[in-house]
Amino acid sequence: MGGTLIVSNSVHCIVGLEFYCFRECCVDNLKSQDDAFTFNHIPNDMRVLRLTKVLIKHIDQPILEKIPPFIHTLKIENSQRLKRVSVPTGLSALKITRTGLRRVDIAANSFLSSLEIYKCDLMKVPQVILNAQMIQHLDISSCKLRALNMAQFCDNSHLESLVFDNNNIRFLVDTSNKRCSLYDSLKLLVLSSNKLTTINMELFNVFIKLNRLQLHINRITSISGRLNHSNLTILSIGENQLQHVDLCDWNVPAMEVVTFTLNYLTMVPKCIGNWTSVKELRLSHNKFTRNA
């Protein structure tokens, strides 16, 4: 279907509803539940629906439940008026970009496997992530998150990647008082471009499948704790404010790529030579002296 449907419900309407399909179907200027009638015209060979320039503050479940079951991915874009989205049970993947989003609701027993939110006004991770028991990938980037507690994802047993890039995160903790399912599933953790100042590396020891940890572009001045991890292969702590790093007590036999570029190190991290598995060591743009 390559045509365009343009609807104006009133002679006073300035912006008209638009619907069109090519490789994905798009609805522009959605302004009420009534406009969801356009979903009935989506061809059954489409898999992606994109909503742009949404004109309502809340996209609720009655609207999204009208999306045909063969649509597995919903994209919501360029909608500054939008403040809240309520995700129904059947949706598999949701990507929200450049909105005024402040709240996300997820229905119980959700089938959501991927949630990506970029450039929004969220100040904390939605508590209802627990309702998405099938979720594998969560990315909230370029928003306003202030802190991160890994305990929030404790029972998300399928969660493999967590990405929180370019937020305002100052604190990272894990207040879990039990052994979490997340410890056996998480493989990627990205906390780059935030406002972290100190890191206790022992926090990451429990995530036994973690193979990539990105902490670059923060304000980290000190690293404490013993990292004891058999699967971690990539560690990035570049573009921080580290002056000294002691790695002598660390045990990371699978480590392959280590980045400490763009810090204030005056000498090579102690005991880095003991890491025989490392294939690439990045130390450029530090403050090394000739005697380091």
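Student: What do the side chains of Glu256 and Lys279 meet in?
Tutor: A salt bridge, at 3.9 Å from N to O. The rule wants a side-chain nitrogen of Lys or Arg within 4 Å of a carboxyl oxygen of Asp or Glu. Keep in mind that this is a predicted model: local features need pLDDT of at least 70, side-chain atom pairs count only at pLDDT 80 or more, and totals for chains, interfaces and linings use all residues. Residues are numbered from 1 along each chain as its sequence is written, and side-chain values use heavy atoms, without hydrogens or water.

Student: Where do Glu256 and Lys279 lie?
Tutor: Glu256 is in the loop between strand S19 (234-236) and strand S20 (257-259), and Lys279 is in the loop between S20 and strand S21 (280-282), so the pair ties together parts 23 residues apart in sequence. Strands (E, at least two residues) and helices (H or I, at least four) are DSSP runs, numbered from the N terminus.

Student: Is Lys279 buried or exposed?
Tutor: Exposed, because its relative accessibility is 69%. Glu256 counts as partly exposed at 32%. The cut-offs: buried is under 20% relative accessible area, exposed is over 50%, partly exposed is in between (1.4 Å probe, protein chains only).

Student: How many salt bridges does a search of the whole structure find?
Tutor: 11. One of them pairs Asp105 with Arg84, closest N and O atoms 2.7 Å apart. Asp105 sits in strand S9 (residues 103-106) and Arg84 in strand S7 (residues 84-87), 21 residues apart. Asp105 is buried at 13%, while Arg84 is partly exposed at 26%.

Student: OK, domains. What are the bounds?
Tutor: Domain 1 is 1-137 and domain 2 is 145-291. Those bounds come from an automatic or database domain assignment. The contact takes 14 residues from domain 1 and 13 residues from domain 2. Contact means heavy atoms within 4.5 Å.

Student: What area is buried between domain 1 and domain 2?
Tutor: About 1,200 Å², with carbon and sulfur atoms giving 53%. That is accessible area (1.4 Å probe) the two parts lose on being put together, summed over both. Met123, Val125 and Gln136 supply 42% of what domain 1 buries against domain 2, more than any other three residues.

Student: How many salt bridges across that interface?
Tutor: The rule finds 0 between domain 1 and domain 2. There are 10 residue pairs in polar contact, both residues at pLDDT 80 or more. A polar contact is a pair of N or O atoms within 3.5 Å; within protein, one must be able to donate a hydrogen and the other to accept it, and residues adjacent in sequence count only if both atoms are side-chain atoms.

Student: Switching to Asn194. Where is its place?
Tutor: In the loop between strand S15 (188-190) and strand S16 (198-200). Asn194 counts as buried because its relative accessibility is 5%. Its side chain reaches the backbone oxygen of Leu191 at 3.1 Å.

Student: Last one. Where does pLDDT stay under 50?
Tutor: Over residues 6-14. pLDDT is the predictor's confidence in each residue, from 0 to 100. Where it is low, the predicted coordinates should not be read in detail. For the protein, mean pLDDT is 93, and 94% of residues reach 70 or more.
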